[in-house]
Amino acid sequence: MEDDIRELYQEVILDHGKNPRNFRHPEDATCEANGNNPLCGDRLTVYLKLNGENLIEDAAFEGRGCAISVASASMMTDIVRGKTASAAESLFDIFHKMCMGEDTGKTPDEFTDDLDKLTVLSGVKQFPMRVKCATLAWHTMNAAVHHEESTSTE
Ligand code: ZN
């Protein structure tokens with residue numbers, strides 16, 4: 001591995017990639033979506049359990065992909081649990097900008113801890129191909145919230 005690539009695969013990413021949190025299919029999920037990143041071969045299904053107030057009571061995922069995509073899904077599912085769907089989307093917006101190397105503007109104080117955790121993934125901004133890996137789980141979460149791309153076994 002090149003040194004700069006190695007830098008991207010920090011220990012926390014390798015840990016989440018090898019031992020993903022929330023890697024399961026909750027029976028009581030209220031929405032789900034499939035995410036596909038053909039460039040890398042990452043395929044994820046994100047499951048959310050939203051209550052009547054659009055609060056994310058549970059978040060989980062299944063699928064396969066590279067270490068970055070799996071680590072990102074692992075971290076995403078941890079972070080969005082207990083947040084409202086709109087708070088999760090706001091966080092995605094900021095995280096996406098971090099990954100693109102764009103100015104995130106004002107960071108809402110409520111997200112400080114979450115953004116500290118996500119900073120480790122923002123190293124992908126030096127590797128444009130990897131941005132899609134890092135954001136796939138978030139795009140899929142977004143699709144699930146909006147009941148897009150729901151899974152069909154037909
Ligand atoms: Zn990938």
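Analyst: Axes are lines fitted to C-alpha atoms, for helices over the stretch in contact, and angles between N-to-C directions run from 0 to 180 degrees. The model is predicted, so local features need pLDDT of at least 70 and side-chain atom pairs pLDDT 80 or more, while totals for chains, interfaces and linings use all residues. Residue numbers start from 1 along each chain as its sequence is written, and side-chain values use heavy atoms, without hydrogens and water.

User: What makes H2 and H3 roughly perpendicular?

Analyst: The axes of helix H2 (residues 11-18) and H3 cross at roughly 85° and come within 7 Å. Angles of 65 to 115 degrees count as roughly perpendicular, under 35 as roughly parallel, over 145 as roughly antiparallel, and the rest as oblique. H2 and H3 are therefore roughly perpendicular.

User: Which residues make that contact?

Analyst: Contact means heavy atoms within 4.5 Å. On the H2 side the residues are Ile 13, His 16 and Gly 17, and on the H3 side Ala 67, Ile 68, Val 70, Ala 71, Ser 74, Met 75 and Asp 78. By class, they are 6 nonpolar, 3 polar and 1 charged. Here Ala, Val, Leu, Ile, Met, Phe, Trp, Tyr, Cys and Pro are nonpolar, Asp, Glu, Lys and Arg are charged, and the others, Gly among them, are polar.

User: Why are H4 and H6 described as roughly antiparallel?

Analyst: Helix H4 (residues 85-100) and helix H6 (residues 128-145) have axes that cross at roughly 160° and come within 10 Å. The angle falls in the antiparallel range, and H4 and H6 are therefore roughly antiparallel to each other. The residues in contact include Leu 91, Phe 92 and Phe 95 of H4, and Val 131, Trp 138 and Met 141 of H6. The contact of H4 with H6 divides into 12 nonpolar, 4 polar and 1 charged residues.

User: How do you know what counts as a helix or a strand here?

Analyst: Helices (H or I, at least four residues) and strands (E, at least two) are DSSP runs, numbered from the N terminus. On that basis the protein has 6 helices and 3 strands, and the pattern along the sequence is α-α-β-β-β-α-α-α-α.

User: Why is Pro 128 called exposed?

Analyst: Its relative accessibility is 65%, so Pro 128 counts as exposed. Pro 128 lies in helix H6. The C-alpha atoms of Pro 128 and Met 100, 28 residues apart in sequence, are 8.0 Å apart.

User: How do you know whether Asp 114 is buried or exposed?

Analyst: The relative accessible area of Asp 114 is 7%, so it is buried. Asp 114 belongs to helix H5 (residues 112-118). Beyond four places in sequence, it is in contact with Ile 79, Lys 83 and Leu 91. In the protein as a whole, buried residues make up 43% of the 154 residues.

User: What makes the phi of Asn 22 and of Asn 54 worth a remark?

Analyst: Most residues other than glycine have a negative phi. Asn 22 has a positive phi near 60°, and Asn 54 has a positive phi of about 60°. Asn 22 is in the loop between H2 and E1 and is buried at 13%. Asn 54 is in the loop between E2 and E3 and is partly exposed at 42%.

Conventions. Buried means under 20% relative accessible area, exposed over 50%, partly exposed in between (1.4 Å probe, protein chains only).
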